[in-house]
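Trainee: Could you take me through a close look at one part of this model, the pairing of charged side chains? I would like to see how that part sits within the whole chain.

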Amino acid sequence: MLAEMGDHTFRLGHVARDSYESLLLSETLLDHLSDSMPEGAPMCGDCPFLPYCGADPIFHRATQGDGVGHKAFSDFCKKQMGVLRHLLGLLEDDARAREVLMGWVEP
Ligand code: SF4
């Protein structure tokens, strides 16, 4: 969708002209891989939800102009915190919901 809007930030190359190796080792890919690691992002590094969270470089590029984004103004972060707070609340306060959720993660 970004490319459709003229933003080719995430373009790695051309599948017909570029080699597989050059696509996978491109600076573009390496730059965006680091944007997808929240451990080093401002706010995320100190967030208790970090082990359960993730990153959305495309969303942040589209809404804030860079792949990391300012989490204080990020709807992605707001959504993640809401979902994770809700799930943790269910795990703490609702025995039946806890049983269902734990059934999804336990063998
Ligand atoms: S909830 Fe927000 S601040 Fe916490 S890790 Fe996720 S994106 Fe980062």
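Mentor: Happy to! Helices here are DSSP runs of H or I with at least four residues, numbered from the N terminus. Keep in mind that this is a predicted model. Along the sequence, the protein chain reads α-α-α-α-α, that is, 5 helices and 0 strands. Its radius of gyration is 18 Å, well over the 13 Å that the globule rule gives for 107 residues, so the protein chain is more spread out than a compact globule. Along the principal axes, the C-alpha atoms fill a box of roughly 55 × 35 × 25 Å.

Now to the charges. Side chains of opposite charge can pair when their charged atoms come close. With a cut-off of 4 Å between a side-chain nitrogen of Lys or Arg and a carboxyl oxygen of Asp or Glu, the count is 1 salt bridge. The partners are Arg61 and Asp7, whose closest N and O atoms are 2.8 Å apart. Arg61 belongs to helix α3 (residues 57-64), while Asp7 lies in the segment before α1 (20-24), so the pair ties together parts 54 residues apart in sequence.

The two partners also have their own surroundings. Asp7 counts as buried, at 18% relative accessibility, because buried means under 20%. Arg61, at 26%, counts as partly exposed. Of the contacts between residues at least 6 apart in sequence, 32% join residues at least 24 apart.

Definitions and conventions:
Residues are numbered from 1 along each chain as its sequence is written. This is a predicted model: local features need pLDDT of at least 70, side-chain atom pairs count only at pLDDT 80 or more; totals for chains, interfaces and linings use all residues. Side-chain values use heavy atoms; hydrogens and water are left out. Helices (H or I, at least four residues) and strands (E, at least two) are DSSP runs, numbered from the N terminus. The radius of gyration is taken over C-alpha atoms; the globule rule is 2.2 Å times the number of residues to the power 0.38. Contact means heavy atoms within 4.5 Å. Buried means under 20% relative accessible area, exposed over 50%, partly exposed in between (1.4 Å probe, protein chains only).
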